[in-house]
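Here are a few friendly notes to read alongside the structure. Take them one at a time, and find each place in the viewer as you go.

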Amino acid sequence: CQNSFLDQPALGALNDSQLQSNAGVQTLLVGAYAVLDGVGAGAANPWDAAPGNWIYGSVAGGDAHKGSDGSDQAGINSIMQYSHDASNGFFNSKWKAVYEGVNRSNTTLFYLKKAKDITDADAKTIEAEARFLRGHYYFELKKMFKMVPWIDETTTDYAKPNVDDFKKQNTEDIWPKIEADLKFAADNLPATQSQVGRVNKWAALAYLAKAYLYQNKYQDAKTAFDQVISSGVTSNGLKYGLTDKYEDNFDAAAKNNKESVFAIQMAANDGTNAIDNANSGQMLNFPYQSPFRCCGFYQPTQDLVNSYRTDADGLPYVDTYNQTAVKNDMGLASSTAEKPTTFDPDQTALDPRLDWTVGRRGIPYLDWGNHPGQTWIRSQPYAGPYSPKKNVYWQYNQDKYADNHSWAPGTAINVLIIRFADVLLMAAEAEAQLGNLAKAQEYVNLVRARAANKTGWVYKYQDETKPMAGFSTTPAANYKISVYPDGKFAALGKAGALKAIYFERKLELAMEGHRFFDLSRWGIAEATLNAYIAYESKITTDLTGGHFTAGKNEYFPIPQRQIDLTTMGTTKTLTQNPSY
Amino acid sequence: RESKAQDVLSKRISLDVQGQTVKQVLRTVEKLTSIKFVYSSHLIQADRRVSLSVSNESLSRLLDQLLHPLNLNYEVSGGVIILSRASSQIPVRAPVSGGGMSFVNHLPLIVVTGKVTDATGSGIPGSSIRLKNSTIGTNTDAEGKFTLNLPELKGTLVVSSVGYVTKEVEINNQSSFVVILEADTKQLSEVVVVGYGTQKKKDLTGAVSVINVSQMTEQPTSQITSQLQGRASGVTVLGSGQPGEAPQIRIRGLNTFGSNTPLYVVDGVPTQNIADINPNDVASMQVLKDAGSASIYGSRAANGVIILTTKRGSGKVKVTYDAYYGTQRVKQGNVWDILSPQDMANLKFRALKNSAPNVPVTDQQYGSGATPVLPNYIEPTGAQTVDESTYFVNPNYTSSAELDRFNRIVKANKGGTDWFHEIFKPASIQSHNISVSGGGNQGNYLFSLNYFNQQGTLLNTYVKRYTIRSNSQYNISDHVRIGENLAFSVTDNPRINALTEGSAIGMAFRMQPIIPVYDIRGNYAGSHGVGMGNAKNPVAIQRRTANNGGLNNRLFGNMYIEADLFKDVTVRSSFGGELFSGSFHSFAYPEYENSENTPTNSYTENAFNGFNWTWTNTATYSHTFNNTHDLKVLVGTEAYQNRGRNLGGTTTGYFSFDPNYVNLSTGSGTPTNYSNRYADALYSLIGRVDYGYAGKYLISATVRRDGSSRFLNTQYGVFPAFSAGWRISQENFMKNVSWITDLKLRGGYGIMGNQLNVLAINPFTTYGAVKASSFYDIAGTTTSIISGFQRTHIGNPDAKWEKNVNSNIGIDATLFHGKLDVTADYYVKEVKDLLYNPEMPGSAGQGDLPYVNIAKMRNRGVDLAITYNGSITKDLTFNVTGTLTTYNNKILTVATGTSYFDQEGRRFNGSNIVRNAVGHSIGQFFGYKIDGFWNNQGEIDAANAAARAKTGNASAVYQNEVAVGRFKYADVNGDGQITADDRTFLGNPNPKFSYGVNLGLNYKNWDFSIFLYGVQGNDIWNNVRWWTDFYPNFAGAKSRTAYYDSWTPEHMNAKAPIQENSGSFSTTTVPNSYYVEKGGYLRAKNAQLGYTFPAALLKKVGVQRLRVYVQSANLFTITKYSGLDPEIGTTANTNNSSNGSLNQSISNNTSFGIDEGVYPNQRQFLLGLNLSF
């Protein structure tokens, strides 16, 4: 009697035995997908662990300033200047969020083995999806932190070393394990899935190819990319290809199209009266005091904008893009009835992708009207005159795809981890590295040709005072872009071709969280980023004192908190990256 | 009907006893006469055997025969006969004139008459009146009147009565006297309520603070716990000025990393919450501080135990009415030292120039001239004239598209808006209390009703509370008593979450002064507009809560039955607990005036209910052997069960915002809801033995075995304690030291337990579905999500009781014939197996963390309490009470491999303000120590050169992000560079000591008292300065320090660093010593001046007592702290839906003393009256 009086089971929660079933494991698997967005996974704020890596990939890569003003999210200031140390809380947030993804994948695999009512076929698919997700989460860790401990469904001691353990196994790091997970997924997943958010075999193969590329295994990468490019389909059965319009990749109404290889699904107005499932990792990244209200972060750099200048042949200035700056409206007040000010945007030749990537004054900002300049910017002297665009929703369908249940908006725009243009450019890289310059150029030209498709350009409004009434047929700027002429890459040689491919990645994938990791793996981060800081510091104050240190800043530090948490007595389990 | 003394003593009885004990004889007499004797067994040697035979003799004769040989006096008082030892100077008891008898007759005699009354004017029956140095004397009758025959009208009358201070009155040719006796609080408090029983104060062996309740409850507040501040040694109270906010209470320092809330025992019922107890109902309050006194509460005693007893009735029907009404005044002046709008603009220009010296400043609001010019309008930006007809704002908009069309027109407030005084206004406070009480042989009753209404000085914060109490006892027979204590409270108490940047207070120091409260049409103005920052209009924040509210109610109390089974055994069974429920509703209006608006409207409703019960059964055996061995044994069981649930929901999309329209059903948006419940139980066995030898040597042992449902593998814990006392003053060698009335040395050792911080779920690893983080739109619908699971809690089945090992040594001394009372204690507490939920490595994944028995902590300190009663002249008497509390808290272990845990990141770069580290106390501030400014580039270059030389690294720099005018940090570890290792402990929010002094003065009918409270030796982290002293830290209001006392080449001896456009490591992005200030203060918490109308005057209108008073609380404060109020607690819960009755407003934070907009204590002026009839 006494004992039962004190017996108190957990209330409102599931225990071990309730999960050991097909339904339980399937639901755990959805939970493993759910943490792709980095929300509710231990990060201090959703933006710290944003899956699109706007901080670690794009801001650290020179695509964008942190933006806003100097005191807001001060931890990003030092990441932007490469003066960050291991105690910076942002790294800890990202670490925790991604390891929660690993943990949920592992939990799915753990209960999969215990469940009795799952068919072998189903079990294989579940295992493949879980291992794909785990591969993705480890890929994130790998490119951020270099050396990380491997935790799987059999691990019981989580204080595992990130270096020594691998030496014992006579391997260098976790790349083979990432490859094994992605390969298992590619081998065992179906080509199509009943739900478009589930990963399929082609996405897994593309990701595996990407993992090869990151390890400079160009032949393996090429072999896999070839299959993906020739035979790949999306989970909803669409043959992989580039969308006609570049902008469709960034429009919630057009998502899960044929270009979407692996995307994180975002949902707006999902009934939670909150924006947790609506890409809240980018909630800060809207023009300030605009219809989006908050918060003026993630402002593209002048360096990025200049990159879109094109020459008389419609080709980029790969080396000299910063010699002439694209005209901006720094210091010019926005026009008001009281103080009319005029600003004519740059009239020189520009790649049309610029105006789907960067919000700049005088150019239609989707259907929200021409970007007004200073009033949408929190502090021009601090972070420049530009606004982000790819993550912004349209006005006409905002009731459906914007989520206003917060002080800053959420959106239903997916976060693209791999899209087909990315696949083509990665394949081009592999081909160029293997000496197949013509094939590489072919892939690059596919991407440029799509950008050159005039139906996908930004046009002026029919009536600037009624932006939702539609667009005219007059391009918003002097767009000029063309494919590389035949034999151009051959003429450039391997090094020159690679440079062109790298530059194309910058243009095509700007503001999508890739740049820093690309520069780092290409080994050109120091030269590129220090040049960028030197140039950009003349325009804004936020980068003053920034400096990229080679041999150190290619990777971010293992979070100090994690080192502390795994220190036993005085023995550290985790080894810090060099020079941190 | 009260028995008259002469009636009692003239009762005639017959008795024949042979060889019986005195006690037995007295019991027989009690039965025959229905009169009760009150005596202390060892005092009267009750076991001594006597033989006596009387027939139809008066009681007085019988008692004379029985008691005189034993050297005992007796006196009749209020229906009982009190026995006491006759003093050696007077071998024979003064003859009692009651019943018309007198042994001594002097002639001729002069008849004098008089009345003895208490302070309320009620007659005191049975008081003794004696002519000093004679045998002449008498007792008062039932109305307190007496008649005495004196040989001459000279000499001194000595008037005494049990429970009152003896008074001497000069006769001085008077023949009529009114003698007012003052209640002897010391004597009343001699019986101290301790765990599961009572003890005489002189027999106490544990450390117990007995609180002077009447002094304490003078403080005008709804919270008894707030009133406790400074009143009891060893108790630290951290509160604020917010109405209804229960402060954080700590007994003897910090015992755990989680909740340090003590256990409250109200009329024998344990509870965690006394926020709704009516202070007027409290009869006594004791704080059990050491293991010797508190371990009897075992598992729940580690944070200390506060025992409250509520009032009971006695005597004839008495009606009292106590009330006060007053006003609460707000601090005047520019409380945060905010700049004028012109100076704000000047500062902006300076900061922009400092950051980019070569770029000409152009500002959309202030122009591009050499000096800024304030515009007439801030919206449209920088406008001088505006066509106001184009204005369009609809505050009740329902779509984002409509918000986008707003055309706001806002005039610049060039004079500057005083945001503090826009939200803080004078407010009223009132309390009305009525009680009816009475009692007699058959039982007693008390009924009380209290209405308390304190409006907050901050808009729309207040507490309104109604409390009803009914206490009664029925004496079914001489041996069986049944009773109940019940209180019911209804509370409406909207609060804000102060001390955070998002509160209205936080916004008030962030809003730029150029922004007016309202725009040109009377809608709210705000930070919307260029360069106006991102603060939110605090007036709008608070005004929008006007219709929010809720009601909490609680029924709390117990029923008991008590029976005297055999002659020495009493059994008692008490069943008590609480039944509570409450709800809160709020409407969130869409915002439009801010730069960062939430455009949706939503309505939220939360409700909770629950109950818990405690069933206690005890048996007490009490016996004195051979007049020398006092033995008291208590055994018992206690069971506790706690159940509750919470639920709530939110809906959006309201067509109308009319408060009469909105409910959870009328919104058009998707409703969301939640619910949860909790349950836990305790089962305990209790035992205590008290033994006293000849009233000199006292020992006490307690043991308790507790089982808790919150633990799985180790459910039970045993908590023993042992304490002893030596009354040195009873030793023969001390008898001649006349100035020592009583002196006792006490010591104790024992273990107390704690499980407060452990949730019922702690043993289990659980999984659940969480929409925000485990659901996913896996089907790509863009608008809906599918259920997924995640781990919600990580289990630890091995958790067991936290053990607080406690040693205490103390003295109790009464000196100079009771004028001076001193209690002093020194203690050491070591908390072992401290339950803490250490963060797990990120690689383990997420889930709420389990508590494990891992940490260790120690507290040491001294408690001191002193009372002095004195008189300056016959009419002018005074008393002084002082308490002193010190504690030294030290963390000994945090967790394996971890020597600290951090808290309070605020707006820094991920570094925290507070580090709780081994070797330091909880809550210490941590960061870089500022060592002046970099005054020129030469200093920087020299430091870098030194760093390169010292480290041998050619690219080494002394400090990151350095520039002239910024802070230079101290190289604490001396490695030549500023790194994370140079962070150091910058301050300690724990005071070195705190103290309270109460001074009371009485002059005839006037009384005056003042209570001073102070803390010393603590630091405050003034985070308000982060917002106001640094230009780059958001474009909000800045302080005069930022403009007039910041570094410039012309003003290097500055307080703040150079003002720039962006923050840096060397200015504001990391915690540093800039924010640390001394936090000591001395505050006049309370001062009261009262006048009691003469009883004679009142009698004519049927009033027993009438006292009126004027009072001021928080009259003055002496402090060096530059912020609004140096009394800074912790962030408390605000919504009224938190976990049921537990912690409804109590903060469990271990970090404290961080000021980010404190809700200040306000100066209060009150008028009050005490009336009884």
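1. Begin with K1004(B), which sits in the loop between β50 (993–1003) and β51 (1006–1016) of chain B. Keep in mind that this is a predicted model. The backbone at K1004(B) has a positive phi of about 50 degrees, although the residue is not a glycine. Most residues other than glycine have a negative phi. K1004(B) counts as exposed because its relative accessible area is 55%, and the cut-off for exposed is over 50%.

2. Now try D267(B), in the loop between β18 (263–266) and β19 (269–271) of chain B. D267(B) is not a glycine, yet its phi is positive, at about 50 degrees. Is D267(B) buried or exposed? With a relative accessible area of 12%, D267(B) is buried, since buried means under 20%.

3. Next, look at two peptide bonds. In general, most peptide bonds are trans. In chain A, the bond from C294(A) to C295(A) is cis, with omega near 0 degrees. You will find C295(A) in the loop between β2 and β3 (297–300) of chain A. In chain B, E379(B) and P380(B) are joined by a cis peptide bond, with omega about 0 degrees. The loop that holds P380(B) runs between β23 (377–379) and α10 (400–404) of chain B.

4. Let's turn to where the chains meet. On the chain A side, 106 residues are in contact with 98 residues of chain B. The size of an interface is often given as the accessible area lost when the parts come together. Between chain A and chain B, the buried area is about 7900 Å², and carbon and sulfur atoms give 54% of that area.

5. What about pairings across this interface? The rule finds 4 salt bridges between chain A and chain B. The side chains of D72(A) and R907(B) form a salt bridge, at 3.0 Å from N to O.

6. Which elements build the side of chain A that touches chain B? Several supply at least two residues each, including α2 (22–34), α4 (74–81), α5 (89–114) and β2 (260–264) of chain A. The element that gives the most is α5(A), with 10 residues. By residue type, this side of chain A divides into 42 nonpolar, 47 polar and 17 charged residues.

Methods:
Residues are numbered from 1 along each chain as its sequence is written. Chains are lettered from A and ligands numbered from 1 in the order in which they are written. This is a predicted model: local features need pLDDT of at least 70, side-chain atom pairs count only at pLDDT 80 or more; totals for chains, interfaces and linings use all residues. Side-chain values use heavy atoms; hydrogens and water are left out. Contact means heavy atoms within 4.5 Å. Buried area is the accessible area (1.4 Å probe) that two parts lose on being put together, summed over both. Helices (H or I, at least four residues) and strands (E, at least two) are DSSP runs, numbered from the N terminus. Ala, Val, Leu, Ile, Met, Phe, Trp, Tyr, Cys and Pro count as nonpolar, Asp, Glu, Lys and Arg as charged, and the others, Gly among them, as polar. Buried means under 20% relative accessible area, exposed over 50%, partly exposed in between (1.4 Å probe, protein chains only).
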